[in-house]
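Work through the exercises below with the model open beside you, and try each task before you read its solution.

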Amino acid sequence: MNELHAVDLAAGDPATWRITQHGFDVDAQHHSETVFTIGNGQMCVRGSFEEGYPDDHPAAFMHGVWDDMPVSVTELANLPRWWGVDLWFDGQRFRLDTGRLLSFTRSLDLRTGVLSRSVRWEAPSGAVVELGFERFVDFSSPHRAAVRVSVASDRPVRVRTRAGLDAHVENTGLLHWRLVGQDADDAVAWLHTRTRATGIDLGSACAVTLDGVEADAVAGGTDGVPTVEHTFELSSGRTATLTKQVAVVSGIDASSPATEASRLARDAAAAGWDALREASDAAWLRVWERSDVVIEGDPEAQVALRFSLFQLLIAAPRFTEHASIGAKTLSGFGYRHHVFWDTETFMVPPFSYTQPEIARNMLLYRWHGLAGARQKARANGRRGAQFPWESAGTGEEVTPTWMVDPGDQSTLVRVWTGDIEIHITADIALAVMQYWQVSGDDTFMRDHGAELVLDGAAFWASAATSEDDGHFHLRNVVGPDEYHDRVDDNAYTNHLAAWHLRTAGSVAVWLAERHPERWSELAPALDLDAAELERWSEVAQAMHLPVGPDGLLEQFEGYFALTDLDVAELRDPARTISMQQRYGFEGIAATQVLKQPDVLMLAYLLPEEFSGEALASNYAYYDPRTDHEHGSSLGPAISAVMACRAGEPEVGYQHFLRAARADLLDVRHNAGDGIHGASAGGLWQAVVFGFAGLEVTADGWHTTPMLPKHWTRVEFGFDHHGVHRRVVVEA
Ligand code: BGC
């Protein structure tokens, strides 16, 4: 286990705004690259070093810059490397795998998004050099970032610096860029590249300045790598500081992105580092004022929640309504930046409550994807909008059909989720309704939200099949628990579909009464008439929703007949792999073990459908059968809330910790692929909806707190119908 953040926890309050790493661990470098990702809601950059390191995974991504790829269809192209700075001391290149590393500290300030690193390094020539690195992505505007490197030495040393841009980047072996143009002068280097398949232009530029010493700048570079170089003698006791003001602009935002990037970089250099920092810090301050959650009595919980919020805030589309947050945010190559139900169910709620403009952008992203969703429904012989399981730039389905079996690299496994994990359509409707309820944003609902909900309902009404038993069924689906696929009547899916149909009926009435002009426009466009609305209510009423004794739901038809594994095996602390890896895809599907708590997810999202008794019996049955440790990273945060609702906050706290450690301590050994965005959003929900017990209803809001016993105080804010509310819960 990586001890990344644990180091400074004892240091008290300032440490709860910082992620600090003392010493460099090569084996954990991909993990720490992910953890030290910074960004501004438009562009993010992993914590890869300025000078590089063998086998690193350097990457920066920008919303909207998609390019085609085999198997997974499309991904965001890794941006030309703009944060690189190469340094030579007495002719010896600085890198952590050369010379001798005397000390290393890296620190991310969550308050301002500034990543800094101090390194003491002995060059092969014997000179001991102090290096200070700082970088941030301007949080106040979409396109700017800056890197600063200071160097000092214990003896006179000859220093050469090279700062520029590099188009020779890859997405784990795939090349996405063609070079269109480049140049450099003694102050600015720029690069114009274009994605190979989608033809998106990108301009990158950097303005380079050197302070503290006299040195001539020389423009240079090679094909695809324009640079600005300096060479100088550094006497002992002096510090030279190189500043690189960067701008990255895509053709989506400007007609001449390279020219625009050069202009922005030059302007930033003229304004200086401090001016940019001031603007960026002020923007962060405004965001934290609304988003921060204070937890007293538990520094680990405090720093983990701030870290999770930070990672969501830097990936969330703050400057566009044509992008959303992918499952692994903008911090790695995992899931190729595709957007899943993770977004609406786990990540949108914190934004709906604290940064409604961002939640709105994320929901508008789905609205812009309606054409793709309609096409998917049509292709499946359905009506309305069937949202893709994985979505990228256009709203079309981009789920790969096959994947390599992680347990046996020579075998391919069929991925069914893109075909039949249909619950996402209702998850999106739920996020829309939740946003509307807390924000009171009727304009959004009238112009966009209603269309999302209504067209999704049309899909459900056409997907449910009427059978001889007098009920409607949804057969051959995948529920949230992906250890079991191709199942019939998944309780989560059926209940959410029925909820969606009922809700859409009320939305139709609201729209027709309150905004008749919009209704008279939308009804014919979506083919909605009295008969269709009547069918929605009929399908909702007759949906197959069997309930067992004490309100126990069967996760899907035939689930209770599956083998019930020994709970002790599931809870065995020595196990380090998932139950699916242990038993294989078919093997685990024959058991009752769950990847994530399917029925309890339903109870979480639609609490009004569960009496106290039903909640207790479902919790008692399903919680012990869930692969909490190694199943889905989405589960633990929700299990934390459910444990609170079952009156067990200490059990909830254990689940909370699993989510809190998903990325900081890399408990699933895959954080190198990127941040687990759903777990991050779930963590906020665990605190606000679980431990603090916030509930917003049609009549207002209230809390039913249930803090873990060592938490002394929780404070957070949320926006309710445009009014910022503060909630303080004290033990
Ligand atoms: C989970 C899904 C999730 C996806 C992306 C899968 O492992 O089972 O629920 O949507 O990962 O995070």
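A polar contact is a pair of N or O atoms within 3.5 Å; within protein, one atom must be able to donate a hydrogen and the other to accept it, and residues adjacent in sequence count only if both atoms are side-chain atoms. This is a predicted model, in which local features need pLDDT of at least 70 and side-chain atom pairs count only at pLDDT 80 or more, while totals for chains, interfaces and linings use all residues. Residues are numbered from 1 along each chain as its sequence is written, and side-chain values use heavy atoms, with hydrogens and water left out.

**Exercise 1.** Find the side chains that place an N or O atom 2.8 Å from an oxygen atom of the ligand.

*Solution.* Begin with K595, whose side chain has an N or O atom 2.8 Å from a ligand oxygen. Next take E482, where an N or O atom of the side chain also lies 2.8 Å from an oxygen atom of the ligand. Finally, consider the cover: the ligand taken alone exposes 310 Å², of which the protein buries 90% (accessible areas come from the Shrake-Rupley method with a 1.4 Å probe).

**Exercise 2.** Describe the residues that surround the ligand.

*Solution.* First list the shell, counting a residue if one of its heavy atoms lies within 4 Å of the ligand: A327, Y335, F340, W341, D342, W389, E482, K595, Q596 and L634. Then sort these residues, with Ala, Val, Leu, Ile, Met, Phe, Trp, Tyr, Cys and Pro as nonpolar, Asp, Glu, Lys and Arg as charged, and the others, Gly among them, as polar. The shell divides into 6 nonpolar, 1 polar and 3 charged residues.

**Exercise 3.** Where does the largest cavity lie, and what lines it?

*Solution.* A cavity is a set of points, on a 1 Å grid over the protein atoms alone, where a 1.4 Å probe fits but cannot get out, and its lining residues have an atom within 4 Å of a point. The structure holds 8 cavities of 30 Å³ or more, and the largest has a volume of about 80 Å³. Of its 14 lining residues, H63, W66, A323, S324 and H337 are the closest to its centre. The lining divides into 7 nonpolar, 7 polar and no charged residues. Because domain 1 (36–288) and domain 2 (299–368 + 639–731) both give residues to this lining, the largest cavity lies between them; the domain bounds come from an automatic or database domain assignment.

Methods: 1 Å grid on protein atoms, 1.4 Å probe; cavity = no way out; pocket = protein on both sides within 12 Å on 5 of 7 lines; lining within 4 Å. Points joined across faces, edges and corners; volume = space filled by probe spheres on them.
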